[in-house]
Amino acid sequence: MNLIIIASTLALAVAIAISSSKNRKTAAAMAQEFWDRERAANNTRRKPLDDLDYIKLPMEIFPMELLQDIPKVEDYRQIILTLKDQPIVNFTGLTNTDLKLRYGAPNITKLTAYDQNYTLLARTLQQWAQALYDNGFSKEACQLLEFAISTGTDVSATYRLLIRIYQENDTPEKIDALLPVAQSLTSAMQKPIVRMLQESGQSSD
């Protein structure tokens, strides 16, 4: 009996050692691949940015006249007024290495700024829409949310609030229409958002 236990223990130890060795080799290979890509990215020459999917703000949908007595809403308006003249691009799902390989290392500062503008836009649209909804302006909130989703936002709260508005307006078919957009997301939030939409669509049947 003791021999069986000893043999089992040895077999387990060998299996663990082999697994650890494989994991170390895999980690080393991944690290090497990363640094190879990073070196290639840093040596990539500047490329034209003409093909970027710049986001233009449709100023006509922003309810500038509403809730002017609420300071945070005024902040949202001022952010939008600032962003409307700035380059805005959604690079969600792309790393700096990806951007340098695609557009050249010398462009990374510009590209980072464009992406930061998008992050600020997506967050502002969500917060502004929530403030509008909370104060009874559901229609205006819906406009902001739909625009945010059209830009490829992966802010789950944006989808959640829009789902609620569609349900309250008895238009569940619009929830299903959001699925292709969510399925095209390239961030880690893609699956949770798709699942939320699917569950909300089922609950509306």
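Q: How many salt bridges does a search of the whole structure find?
A: Two salt bridges turn up in the whole structure. Keep in mind that this is a predicted model.

Q: Which residue meets Arg77 in a salt bridge?
A: Glu74 does, side chain to side chain. The N to O distance is 2.6 Å.

Q: Where do Arg77 and Glu74 lie?
A: Both sit in helix α2, residues 71-83. They are three residues apart, about one turn of the helix. An α-helix has 3.6 residues a turn, so residues three or four places apart point the same way.

Q: Is Arg77 buried or exposed?
A: Arg77 is buried, because its relative accessible area is 4% and the cut-off for buried is under 20%.

Q: And what does Glu74 count as?
A: Partly exposed, at 29% relative accessibility.

Q: What about Asp85, which residue does its side chain meet in a salt bridge?
A: That partner is Lys84. The distance there is 3.4 Å, N to O.

Q: Is Asp85 buried or exposed?
A: Asp85 is exposed, because its relative accessible area is 58% and exposed means over 50%. Lys84 has 40% relative accessibility, so it counts as partly exposed.

Q: Now helix α3. Which of its residues are buried?
A: In α3, residues 96-103, the buried ones are Thr97, Asp98, Leu99, Lys100 and Tyr103.

Q: What follows α3?
A: Gly104 does. Its phi is positive, near 100 degrees.

Q: Last topic, Ser138. Which helix is Ser138 found in?
A: Helix α5, which covers residues 138-150. Ser138 counts as partly exposed, at 21% relative accessibility.

Q: Leaving aside neighbours within four places in sequence, what is Ser138 in contact with?
A: Tyr133 and Ile165.

Q: And how far apart are Ser138 and Leu161, in sequence and in space?
A: They are 23 residues apart in sequence. In space, the C-alpha to C-alpha distance is 10.0 Å.

Definitions and conventions
Residues are numbered from 1 along each chain as its sequence is written. This is a predicted model: local features need pLDDT of at least 70, side-chain atom pairs count only at pLDDT 80 or more; totals for chains, interfaces and linings use all residues. Side-chain values use heavy atoms; hydrogens and water are left out. A salt bridge is a side-chain nitrogen of Lys or Arg within 4 Å of a carboxyl oxygen of Asp or Glu. Helices (H or I, at least four residues) and strands (E, at least two) are DSSP runs, numbered from the N terminus. Buried means under 20% relative accessible area, exposed over 50%, partly exposed in between (1.4 Å probe, protein chains only). Contact means heavy atoms within 4.5 Å.
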